[in-house]
Amino acid sequence: MSPAVPTPLSVITGFLGSGKTTLLQGILRRPEMAGTAVIINEIGAVGLDHMLVREVATDVFLLDSGCLCCALRDDLVETLRDLAAGHAAGTLPLITRVILETSGLASPGPILRTLLMNSQLRAHYAPERVITTVDGVVGCDQLAAFIESAEQVAAADVIIITKSDLADVAVIKELRRTLSMLNPGAAVLTPSSAGLDPTLLFSSGARFAWRLSVGEREDASGHTSGIGAFTLGFDQPVEWDDLLGWLDWLLAAHGPALLRLKGAIEIVDRDRPVVVQAVHHLLFPPEELLRVRAGRRGSFLVLVGRDLPPGAFAGSLQQAVGVPVRQIVGRGLRLTRMRATP
């Protein structure tokens, strides 16, 4: 039997040594994170991170000797099914949230596809946020050298800069500029020495809204490893079927290169904008904004991908939806989930 409210599930990812487990240890010590189950994926014959986390969390499950984005997805599905079954049978305590910590070499895209394409998992779990840790000292070098690191940043809703106390101010400034170019829609946080407040990472409550803001960003039409981001905007409402046809074409033609798509779209005959998200070939179920900022109208789409030709998409989208579409330079879209007013 499916629960009345699916359990929120967040993904913590980040390159090797970027501080994922340290972040997890810190937030699990907070009383508001009681009831959290943790699934950890480690590469190698002997796992260690789950032992470190077990000190502060009882329900820790290890998926080792493989990577969730390739070899271990069936194991992930089985573990999540077992969690749901144990909760339903009363053999496990109440689980209020699940956190999945990936290996340092995992790409979040295939993991999200696994969670969203399995109907049984969708009935029990609601993907909440992708949180990516980035090393403040060597993050820029890793982003330039390793495509996995860049993909982890591109898929993030929230980016955590770790070890900032060990890095020069100029290095952190350059890292922030790089992160903004790779993912203009993500919130970037730098924890203090006291740690990070979990309420900045996780939404509370069962009902959520999306808050849309469009702010000044550096142009991100291209970057290291061929990964770049750009924003498309238009001011007139469009027909949903026209937009959906364009999205279907986009995912079919450019899915392998599309690391993340995120946007809020004004739809004809709807009072609230519709949030659209996609990863590679997968389009997430659409959501309506529960609240809209006063004075903010118009539609925006942010595309983050590898070797995407930004100039090609404004024209095809305009042709599909039948309204003027412009590429926005120096501005980025931010969508953050927040608790809805009852």
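## Surface

In this predicted model, the protein exposes about 14,600 Å².

Part of the surface is a nonpolar patch made by Val137, Val138 and Leu166. Together, these three residues have about 250 Å² of accessible area. Val138 is partly exposed, because its relative accessible area is 31%, and a residue counts as buried under 20% and as exposed over 50%.

## Overall build

Now for the whole chain. How many helices and strands does the protein have? There are ten helices and 16 strands. Of the 342 residues, 54% count as buried.

Contacts tell you how the chain folds back on itself. Take the contacts in the protein with a separation of 6 or more: 79% of them are between residues 24 or more positions apart.

## A covered helix

Helix α1 spans residues 20-28 and is mostly covered. Is Leu24 buried or exposed? Leu24 is buried, and seven of the nine residues in α1 are buried in total. Besides Leu24, the buried residues of this helix are Lys20, Thr21, Leu23, Gln25, Ile27 and Leu28.

## Aromatic rings

Last, have a look at the aromatic side chains. The structure holds three aromatic pairs. Which residues do ring pairs link into a cluster? The members are Trp246, Trp249 and Phe313. If you want to describe a pair of aromatic rings, you use the distance of the centres and the angle of the planes.

Technical notes
Residues numbered from 1 in each chain as written. Predicted model: local features only at pLDDT ≥ 70, side-chain atom pairs only at ≥ 80, totals over all residues. Heavy atoms only, no water. Phe/Tyr/Trp six-rings, centres within 6.5 Å; stacked < 30°, edge-to-face > 60°. Buried < 20%, exposed > 50% of the residue type's maximum accessible area, 1.4 Å probe, protein only. Helix = DSSP H or I, 4+ residues; strand = E, 2+ residues; numbered from the N terminus. Contact = heavy atoms within 4.5 Å. Areas by Shrake-Rupley, 256 points an atom, 1.4 Å probe, with all protein chains shown as cover. Patch = residues over 30% accessible without salt bridge, like charges linked within 9 Å, V, L, I, M, F, W, Y side chains within 5 Å. Salt bridge = Lys/Arg side-chain N within 4 Å of Asp/Glu carboxyl O.
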